[in-house]
Amino acid sequence: MDDCPPVPESFDDPRITEQFCRHLEGSAGDLILLGVVHDHPASVARVERVLGAVDPDVLALELPSAALPLYRTYAAGGADESDSPRFGGEMSAAIRASPDADVVGIDAPNWSFVRRLVTRLVADRVSPATARRVVSSLGGATREALACRAAATLTHATSMTVTRDDPIEYDCTHTDPPERQAAHERSHVATVQALLGGVDSDGTALAYRDETRERCMAERLADVRDEGDAVAVVGVDHLEALEFALTRRELGPSTG
């Protein structure tokens, strides 16, 4: 990415702004964090435009490793590669837009996540009820990842495309002007954040799961950045936490 100006300043596109894009410089390689709203036209376009302009060594996706084969299949589908993939939203669009990158999944479930989660639950002496909810959530995520793997296998073995979820439909489309897509996405994010802001999740099973996920994703991204230039596509709600964790890591442990 040495020849590419910083993101988002280098793009004249209302969908590519500081709210959704962070450019973190590193000693071994740069990392571009792209925040997305799943299946939103503005997010798909953001991923396609940025990855069409840069050539990362590694593409990191907020997906479990077991789900990658299915999204690779989605990325390869369709007769016209100038269009976005029909399934898989911004994740399959990212894979299609980065044909030469090493694609990695950075999301749970994985052994690092399970180990860190169990350690934290034991250290915090959480109630049995909270622990059961966390374990149940982990079991659901594991089943989903394995289902994605099975769907990919069936898709490769048959002539039909097996999908896990129907694409989310929004009140804007891929054919709408960039300004409308961007405005709709910002409004959607603001509404969701306002709703979640009124919910006290501190100490809940959801908080344990998501905080541990973000720590594991930050560790994986730090390793990825050591391998060269990288682009990471993650949910916009994780953007601030990942940027903070990676910046603190770059500055060193003395920053607290």
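Biologist: In this predicted model, which strand holds Asp102?

Modeller: Asp102 lies in strand S4, residues 102-105.

Biologist: Why is Asp102 called partly exposed?

Modeller: Its relative accessible area is 41%. Buried means under 20%, and exposed means over 50%. The value for Asp102 falls in between, so Asp102 counts as partly exposed.

Biologist: What makes the patch with Asp102 negative?

Modeller: Its members are Asp55, Asp57, Asp100, Asp102, Asp223, Asp226 and Glu227. Asp and Glu count as negative, so the patch is called negative. Patch residues need over 30% relative accessible area. Asp102, at 41%, therefore passes that cut-off.

Biologist: Now the inside. How do you know that H2 is largely enclosed by the rest of the structure?

Modeller: 7 of the 9 residues of H2 are buried, so the helix is largely enclosed. They are Leu68, Pro69, Leu70, Tyr71, Thr73, Tyr74 and Ala75.

Biologist: Which residues touch the most other members of the largest nonpolar core?

Modeller: Leu34, Leu59, Leu61, Tyr71 and Val233 do, in a core of 32 residues. Two or more core residues come from each of strand S2 (31-36), helix H1 (41-53), strand S3 (58-61), helix H2 (68-76), helix H3 (89-97) and strand S5 (230-235). H2 gives the most, with 5 residues.

Biologist: Why might nonpolar side chains be buried together?

Modeller: In soluble globular proteins, they tend to be.

Biologist: How many helices and strands does the protein have?

Modeller: It has 8 helices and 5 strands. Buried residues make up 46% of its 256 residues.

How values were computed: Residues are numbered from 1 along each chain as its sequence is written. This is a predicted model: local features need pLDDT of at least 70, side-chain atom pairs count only at pLDDT 80 or more; totals for chains, interfaces and linings use all residues. Side-chain values use heavy atoms; hydrogens and water are left out. Patches are made of residues with over 30% relative accessible area and no salt bridge: like charges are joined within 9 Å, nonpolar side chains (Val, Leu, Ile, Met, Phe, Trp, Tyr) within 5 Å. Accessible areas come from the Shrake-Rupley method with a 1.4 Å probe; for residues, only the protein chains shown count as cover. A salt bridge is a side-chain nitrogen of Lys or Arg within 4 Å of a carboxyl oxygen of Asp or Glu. The place of a charge is taken as NZ of Lys, CZ of Arg, CG of Asp or CD of Glu. Helices (H or I, at least four residues) and strands (E, at least two) are DSSP runs, numbered from the N terminus. Buried means under 20% relative accessible area, exposed over 50%, partly exposed in between (1.4 Å probe, protein chains only). A nonpolar core is a set of buried Ala, Val, Leu, Ile, Met, Phe, Trp, Tyr and Cys residues joined through side-chain atoms within 4.5 Å.
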